[in-house]
Amino acid sequence: MGRKAKFGDDGAVKQFKGPGRKAKKQKPPKMLPGLPKLEGDDEPKKLSHRQKQRASRRTKKKEERKLIKKEKKKGVKKDDDVENNKIESDTTKNIKNEIVKQFSDSNSSWLKSKNSKSVIPEKDDDIESYDSNSDMDDEVEEGNGLESFDEDGLSDDDDYLAGTLDDVDSSNESGIEDTVLKKKKTSTKKRKAEESDDELLPIEKAAKKLKAAKKKEDAEANEEMKMQINVASQDVFVFPASDKIDEHIPIPEVEQRIKDILLVLSNFNKFREENRSRQEYTDLLLKDLCTYFSYNTFLMEKMMHLFPLEDLMSFLEASETPRPVTIRTNSLKTRRRDLAQALINRGVNLDPIGNWSKVGLVVYNSTVPIGATPEYLAGHYMLQAASSMLPVMALAPQENEFILDMCSAPGGKASHIAAIMKNTGVLIANDVNKNRAKAVIGNFHRMGIANSVISTYDGRHIPQLFKNFDRVLLDAPCTGTGVISKDSGVKMSKDETDLQRCFTLQRELLLAAIDSLNFKSSTGGYLVYSTCSVLAEENECVIDYALKKRDVKLVDTGLSFGTEGFTNLRQHRFHPTMKLTRRFYPHTHNMDGFFVAKLKKFSNIIPKNNESEDNEEEIEVNNVDAENAEVQNTIEKPVANIKKPKHGRGKNRVEKKN
């Protein structure tokens, strides 16, 4: 019965080293002293054919181990590439004999022995031939006094290449040694790499290739960066002639010119041309940015006023890239953990949106349409941008409150409010567009919201219909400069007239929202104003106008991140508390451009200093009317004896007294 087979991880049969358990010899028994010897004890024990084979194998392996140890002491190791480094034994003997004999007297003046060891590569298949040459190696090392390589320069595992008599010219000695060392190191690295590759798993080999490609790519990028730095440090941007500014040039040249102008403006005194003003460079940059990013001049000029030059390019490039898809869990029907597990099982790759939200999830990719899953149809989540969750978090609605969402379509923020209220209290979801209100109805039915009333009134007339709200959310209509990645038509369609119409409407809506608030509310009296715009005219200017027209103050939004609002911008000077507002940018926070401000109402009193102009106009009108009445009385006689009709109908009869 043979040895029991054992299989490795790859399915191959494991090879056992050394003799088997049964083949091990037992030690001879110890005989007690004084006992007589038996017949045949002195005779050697006869071995079987199998035992002889094993003994010969053991002997061969011992000899091989001795040879390997001997070679390591000499600094010699086997070379894996047998075919390339194979040297015939006869040729090697002749070379060694010539090296051993050194040179004749006539040649000694111009020839010099090579300072390297000659090596005969191992042969795996023929051990006997290798053994026959090993003695020769000993003779060469011991009897000829050849110099060996420095131990510090070369390790024991390095391979040495055999030299020939043609390589021992003194004039080329250093070059030959360098060549030999390079070949040796290259072959050693290649051999080690191949050995390591053979031991790696396929997935590890693939990862190793990716790392090598990444390293090569980084090296190329660094070289390109150095070249650009050298060019920037050596070449100075030449301002184009006046007749060539309006010429059409390719887009790559436009991009390079933008970089050059930004470099000049970053250190204007150093890189500018003589007799060139900063305004000329700025005008050229404006023209090139409009060409490169397809903006109209009005909107690009607003962006240049809003952002520093170092952040302008980052914002414009980020606005061209779509933001990640995000969803909001409907806490009325499920939990975020359960929803995430259900979507992962359907092949959706997602993560929590961040520490600032407990219901948001960001979706990286999906094998199924994210807006048509059974969970979506069951109302377990809502497709909603990350920035759209911020106003509701700032509003912080409470249970059993009376809340108004003045511009609610398509219902993302309103459904979020209802979920936080846990279907208690009353929510008025208003939107002036009846077609968009249909989306609100559909989403509310799908998500199971039962505490809402949907209306389609003009928000400016809300105070005449509904009053005494605890909290109001106003996500005002705007130019949409913060969501250019979703609607690229904004870049060319918006002009000064559109901006004027927008912030006029926003001011009216904000005053109406403030008037509909109940400042006596024990839990509320708060209003949150938000837009998906980054322009100051639609954000800080509108809030500053409301602070002057109503008895309200800015309070902290409660958001843990975001950029502070502007307190001054170019010619504008805003209220110091404007820093309590929050701004969000695509290039900074990886979400749509957004603005959030939170106001608290303190009374229904309208400040007198803001009504002074209106009162003066009313006084002037009353004075004019009084003067006109006096003039009319002097011309016409007083009217008397007016008789009313019986049924209150018909014309009044006027009789004049003589």
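Residues count from 1 along each chain as its sequence is written. Because the model is predicted, local features need pLDDT of at least 70 and side-chain atom pairs count only at pLDDT 80 or more, while totals for chains, interfaces and linings use all residues; side-chain values use heavy atoms, with hydrogens and water left out.

Let's start with the pocket. The largest pocket holds about 870 Å³ of space. (A pocket here is an open set of points on a 1 Å grid over the protein atoms alone, where a 1.4 Å probe fits, with protein on both sides within 12 Å along at least five of seven lines; lining residues have an atom within 4 Å of a point. Points are joined across faces, edges and corners, and the volume is the space filled by probe spheres set on them.) Its lining runs to 38 residues, with Ala 409, Pro 410, Lys 413, Arg 436 and Asp 475 nearest the centre. By class, the lining has 17 nonpolar, eleven polar and ten charged residues (nonpolar: Ala, Val, Leu, Ile, Met, Phe, Trp, Tyr, Cys and Pro; charged: Asp, Glu, Lys and Arg; polar: the others, Gly among them). β4 (381–383), α15 (412–421) and α19 (496–515) each give at least two residues to that lining; helices (H or I, at least four residues) and strands (E, at least two) are DSSP runs numbered from the N terminus.

Pro 410 sits in the loop between β5 (402–405) and α15. Ala 396, in the loop between α14 (390–395) and β5, has a positive phi near 50°. Most residues other than glycine have a negative phi, and most peptide bonds are trans.

Axes are lines fitted to C-alpha atoms over the stretch in contact, with angles from 0 to 180 degrees between N-to-C directions.

| Helix pair | Crossing angle | Axis separation |
|---|---|---|
| α9 (278–293) and α10 (297–306) | roughly 120° | within 10 Å |
| α7 (251–266) and α9 | about 150° | 10 Å |

The α9 and α10 angle makes the pair oblique. The α9–α10 contact (heavy atoms within 4.5 Å) includes Leu 285 and Leu 289 of α9 and Met 300 and Met 304 of α10. That contact has six nonpolar, two polar and one charged residues.

For α7 and α9, the contact includes Ile 258 and Leu 262 of α7 and Leu 285 and Leu 289 of α9. Its classes are twelve nonpolar, one polar and five charged.

Technical notes: Parallel < 35°, antiparallel > 145°, perpendicular 65-115°, else oblique.
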